[in-house]
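Dear colleague,

I am handing over the structure below, together with some notes on what was found in it. Please read the notes with the model open beside you.

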Amino acid sequence: MTLPRNRFFSKFSLVPAVLAFSLLLCSWALATPGKLPATDPVGWVFIKDEALIEAPISVVEQHFKDVQKADAMIPGLKTKKILEQLSDSERIDYDHYKLPWPFKDRYTVYRAREEFLSRQKIRITLKSLDNYSFEDKGKVAVKIRESHFLLKSLPGDETKTQVTVNLTVNPGGFLPVWLINLNAKSMSKDLFKNLRRNIRKEFARQKHFQKDSIKDAIVDSVSNL
């Protein structure tokens with residue numbers, strides 16, 4: 001069961017979290033980058049991967065939006081800001097990613113949009129804005145094109161969600177592709193492991209809260225006898 005369309009950008013008023021992974025997610029990669037077409041400039045990285053998450057699509061969706069949940073899920077994400085709210089389902093975001101020395105930190109400014117393709121399918125698309133009047137001095141700008149995330153309820157079992165990633169990113173500056181390839185698979189595992197772990201913790205907290213609520217209700221009932 002998905003959230004209503006108009007709640008995507010209005011539910012989280014303070015820095016909603018990642019609709020898209022920019023630099024580090026790309027440089028760590030969710031899968032081994034594919035080969036670059038001969039016509040493409042050097043530096044573009046193509047990333048495709050998918051994972052099955054044992055949670056309803058509405059829960060998975062929150063971990064792509066809420067800033068605290070995203071911080072715990074995505075390695076390297078340091079700061080996220082909404083630069084401009086365009087509509088209930090579209091905005092311009094700023095992401096800052098922390099890189100280890102000697103690499104400079106990266107940032108990206110992009111348009112993010114959520115589409116409800118059906119009750120059980122959500123697509124989150126993003127694209128860099130080349131002419132947007134924003135510059136973060138001291139950091140390297142990342143370019144994003146033709147990228148999206150697809151969340152889809154598992155057919156016949158809405159307690160599970162298939163997450164598909166399709167990214168095309170140029171990390172800019174000095175960040176060699178061989179380094180990206182070297183860390184691709186291990187970083188992919190870490191990201192999905194974090195997502196699954198955080199969802200398990202969330203379910204555990206909800207279960208604990210429900211137990212406490214039942215206990216309180218029983219105590220109130222007994223005290224009123």
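**What was found**

Asn170 has its place in strand S9, residues 157-170, where strands (E, at least two residues) and helices (H or I, at least four) are DSSP runs numbered from the N terminus. At 17% relative accessibility, Asn170 counts as buried, a word used here for under 20% relative accessible area, with exposed meaning over 50% and partly exposed what lies in between (1.4 Å probe, protein chains only). A polar atom of the Asn170 side chain lies 3.0 Å from the backbone nitrogen of Gly172.

Before going further, please note that this is a predicted model, in which local features need pLDDT of at least 70 and side-chain atom pairs count only at pLDDT 80 or more, while totals for chains, interfaces and linings use all residues. Residues are numbered from 1 along each chain as its sequence is written, and side-chain values use heavy atoms, with hydrogens and water left out.

Two other buried residues come next. Thr108, in strand S4 (residues 106-118), is buried at 1% relative accessibility, and a polar atom of its side chain lies 3.3 Å from the backbone oxygen of Val142. Gln62 belongs to helix H2, residues 57-63, and is buried because its relative accessibility is 9%; its side chain reaches the backbone oxygen of Ser58 at 3.2 Å. The C-alpha atom of Gln62 is also separated by 10.0 Å from that of Ile199, although these two residues are 137 apart along the chain.

Two places stand out in the backbone. The peptide bond from Trp101 to Pro102 is cis, with omega near 15°, and Pro102 sits in the loop between strand S3 (90-97) and S4. Glu146, in the loop between strand S7 (143-144) and strand S8 (147-154), has phi near 50°, which is a positive value in a residue other than glycine. With a relative accessible area of 60%, Glu146 is exposed.

Turning to charges, side chains of opposite charge can pair when their charged atoms come close. The structure holds 11 salt bridges, each being a side-chain nitrogen of Lys or Arg within 4 Å of a carboxyl oxygen of Asp or Glu. One of them joins the side chains of Asp93 and Lys80 at 2.8 Å, N to O. Asp93 lies in strand S3 and Lys80 in strand S2 (residues 77-87), so this pair ties together parts that are 13 residues apart in sequence; both residues are buried. Another salt bridge brings together Lys98 and Asp105 at 3.7 Å, N to O, with Lys98 partly exposed at 47% relative accessibility and Asp105 buried at 12%.

Lys143 and Asp130 also form a salt bridge, their closest N and O atoms being 3.4 Å apart. Because Lys143 lies in strand S7 and Asp130 in the loop between strand S5 (121-128) and strand S6 (140-141), the pair ties together parts that are 13 residues apart in sequence. Lys143 is partly exposed at 34% relative accessibility, whereas Asp130 is exposed at 59%. Elsewhere, salt bridges that share partners join Lys80, Arg91, Asp93 and Asp95 into one network.

With kind regards

How values were computed
Polar contact = N/O pair within 3.5 Å; in protein donor to acceptor, adjacent residues only side chain to side chain.
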